[in-house]
Amino acid sequence: MLILNAVDSEHKGNLQSDPHRFYGLMSSISNLKHPYSWFTTGNTETLKGAAEKLGLDLREELIKFYHKYYSADIMRLVVVGNHSLDVLSEWVTSKFSDVKSKGNTKPMFNFHPIGKAELGKVIH
């Protein structure tokens with residue numbers, strides 16, 4: 001699966017990124033019930049290996065995820081460029097207007113990922 005190799009490559013590139021390592025450190029001490037504690041990029045093992053261990057078909061799981069979450073109502077798009085606003089707007093409309101809204105509700109978490117229980121930890 002070509003995309004799996006791309007994800008693995010992105011993950012390997014992030015290993016040497018100081019901001020990514022800082023995020024990993026902070027997520028490792030955060031509340032496990034908050035998505036901030038989840039990993040940000042996967043690799044071959046976290047995707048394909050984990051799916052195989054669970055007896056799941058990775059492709060089918062990705063398709064289910066896409067159908068459930070690929071929805072305009074829970075997405076945000078930021079565009080930066082040195083073209084005119086009219087040109088950028090035209091490009092965005094042509095590339096993203098087919099993304100439908102499925103009526104999803106954006107997940108909300110009413111607590112901070114790092115609370116009192118997560119503070120005061122020493123990391124070596």
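Lysine 12 and aspartate 8 both sit in helix H1 (residues 2-14), four residues apart, or about one turn of the helix. They are joined by a salt bridge. The model is predicted. Its largest pocket has a volume of about 890 Å³, and its salt bridges number six.

- In the pair of lysine 12 and aspartate 8, the closest N and O atoms are 3.0 Å apart.
- Lysine 12 is exposed, with a relative accessible area of 53%.
- Aspartate 8 is buried, with a relative accessible area of 13%.
- Aspartate 8 counts as buried because its 13% falls under the 20% cut-off.

**Other salt bridges**
- The count of six salt bridges also takes in a bridge between glutamate 45 and lysine 53.
- The closest N and O atoms of glutamate 45 and lysine 53 are 3.1 Å apart.
- Glutamate 45 is partly exposed, at 44% relative accessibility.
- Lysine 53 is exposed, at 67% relative accessibility.
- Glutamate 60 forms a salt bridge with arginine 59.
- The closest N and O atoms of glutamate 60 and arginine 59 are 4.0 Å apart.
- Glutamate 60 is partly exposed, at 41% relative accessibility.

**Largest pocket**
- The volume of the largest pocket is about 890 Å³.
- Helix H3 (44-53) and helix H4 (58-69) are the elements that give two or more residues to the lining of this pocket.
- H4 provides the largest share of the lining, six residues.
- In total, 23 residues line the largest pocket.
- Nearest the centre of the pocket lie Trp38, Leu62, Phe65, Tyr66 and Tyr69.
- By class, 18 lining residues are nonpolar, four are polar and one is charged.

**Nonpolar surface patch**
- Phe22, Leu25 and Ile123 make up a nonpolar patch on the surface.
- Together, Phe22, Leu25 and Ile123 have about 280 Å² of accessible area.
- Leucine 25 belongs to helix H2 (residues 18-29).
- Leucine 25 is partly exposed, with a relative accessible area of 33%.

Terms used:
Residues are numbered from 1 along each chain as its sequence is written. This is a predicted model: local features need pLDDT of at least 70, side-chain atom pairs count only at pLDDT 80 or more; totals for chains, interfaces and linings use all residues. Side-chain values use heavy atoms; hydrogens and water are left out. Patches are made of residues with over 30% relative accessible area and no salt bridge: like charges are joined within 9 Å, nonpolar side chains (Val, Leu, Ile, Met, Phe, Trp, Tyr) within 5 Å. Accessible areas come from the Shrake-Rupley method with a 1.4 Å probe; for residues, only the protein chains shown count as cover. A salt bridge is a side-chain nitrogen of Lys or Arg within 4 Å of a carboxyl oxygen of Asp or Glu. Buried means under 20% relative accessible area, exposed over 50%, partly exposed in between (1.4 Å probe, protein chains only). On a 1 Å grid over the protein atoms alone, a cavity is a set of points where a 1.4 Å probe fits but cannot get out, and a pocket is an open set with protein on both sides within 12 Å along at least five of seven lines; lining residues have an atom within 4 Å of a point. Grid points are joined across faces, edges and corners, and a volume is the space filled by probe spheres set on the points. Ala, Val, Leu, Ile, Met, Phe, Trp, Tyr, Cys and Pro count as nonpolar, Asp, Glu, Lys and Arg as charged, and the others, Gly among them, as polar.
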